[in-house]
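Work through the exercises below with the sequence and coordinates at hand. Each task is followed by a stepwise solution.

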Amino acid sequence: MSMPSKVVAVYDQPHQFEPLLPQRELAGLIERTRTVLEKAYRLQHCVAPSTRQSLQRLVRGMNSYYSNRIEGQGTHPLNIERALSADFSKVPDVAQRQRLALAHMQAEQELEGLLAPGAGSEREALQSSFLVQAHAALYCRLQAPDRTTEDGRVIEPGQLRREDVSVGRHQPPTAASVPAFLSRMDEVYPRIKGLDGLLFGIAAAHHRAAWVHPFGDGNGRACRLQTHCALLATSAGLWSVNRGLARQRDRYYAVLANADSARQGDLDGRGNLSEKMLREWCGFFIELADDQVTFMTQMLRLDGLRERIATLMLVRSESSQFEHYTKHATLALHHVLLGGPVSRGDFCQMTGMAERSARRTLAQLLKDKLLVSDNPKGPVTFNFALDALPILLPDLYPEAATTNTEP
């Protein structure tokens, strides 16, 4: 039996992190990728464009929450929503995490806007320059105190690291060689062709970028921003791989670390690192993507949504905490969810209620953000309000339903 490859003492040559893609036993990865893509593309067409925008806003908040929670710096979803209205806690630590969450959401939106719409955007997102932009877009939104590490180092937005570092048991490449490693990644990942290799290519890029550890700090967040954008043409922003990674945080870190391993003998590829462990990581990533798109597809089934809207109206109509809720609004809300914006007058007519009562209900739904509008007299669109999620989309974002104990 061949002995495992010798662990390299110093990484300073790009050939030392080959292979950049798994080369063998790809049939299983490809078959699972096709399944995920079929589900994802069907999901994109199951809701009205305006409702899709509401979901995208919700998922953006989830991406921020879960990415920061992975790093141990999360804040309650209600605090993220407060930050969107510039309502920050008076407790410095909580306010700092609110600002970090807000910066993540704004950076994600900015980065999405840099991509050409449609298929092919993943090639732009997988450029190492985009990874640098992701890091810069996040940290340029934070003042120096908010991007100062526990050991007193200030994170410079988009600045490649200038020091040699160790990360746990992993020894990333020397600082001087980071540009060469990134250049090698650019020769592989943005050139992925076709759909069969798309998901495992994005997964491999995520690992190898984390392995290179190009920045002094903030590598995980920057990698996840890049990965989100590389998946955007597939996900349309309707599901969050960060949610899956955070829910399996320990396994996420363990499988990532396994993919750092040196080659384990003659049957483990031809590169310096383990192809088997890289393939294991890619399979894990595809499994997560499948789980997330499957879950969201189940949540958005039309019959189930209508039943949950009816349940929400019933529960709130019987609660003293809510006013002007009625089962008569169920059909109107479901229509707006499916068909998109309607005028306020049409919404009131669809309830079948007397005009005065219907307008009270409409005002209450707008107050509670189940309906939103661009102006005081404009059409209304459906919105997945945070406090309604436990009924409308149960288990999607369960942390939003927990008690906020942060002041």
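**Exercise 1.** Classify C229 in this predicted model as buried or exposed, then decide what its sulfur is bonded to.

Solution. Step 1: the relative accessibility of C229 is 0%, so C229 counts as buried. Step 4: the count of disulfides in the structure is zero.

**Exercise 2.** Locate the largest nonpolar core relative to domain 1 and domain 2.

Solution. Step 1: this core has 114 residues, and those touching the most other members are Y189, W281, F347, F384, L393 and Y397. Step 2: the greatest contribution, 12 residues, comes from helix α13 (residues 275–299). Step 3: domain 1 (14–300) and domain 2 (303–397) both supply residues, so the core lies between them. Step 4: take Y189 and set aside neighbours within four places in sequence; its contacts are L20, L21, L126, G201, A204, A205 and R208.

**Exercise 3.** Describe the setting of D146.

Solution. Step 1: D146 sits in the loop that links α6 (128–139) and α7 (178–186). Step 2: buried means under 20% relative accessible area; D146 has 16% relative accessibility and therefore counts as buried. Step 3: beyond residues up to four places away in sequence, D146 touches Q96 and R99.

Conventions
Residues are numbered from 1 along each chain as its sequence is written. This is a predicted model: local features need pLDDT of at least 70, side-chain atom pairs count only at pLDDT 80 or more; totals for chains, interfaces and linings use all residues. Side-chain values use heavy atoms; hydrogens and water are left out. Helices (H or I, at least four residues) and strands (E, at least two) are DSSP runs, numbered from the N terminus. Buried means under 20% relative accessible area, exposed over 50%, partly exposed in between (1.4 Å probe, protein chains only). Contact means heavy atoms within 4.5 Å. A nonpolar core is a set of buried Ala, Val, Leu, Ile, Met, Phe, Trp, Tyr and Cys residues joined through side-chain atoms within 4.5 Å. Domain bounds come from an automatic or database domain assignment. A disulfide is a pair of cysteine sulfur atoms within 2.5 Å.
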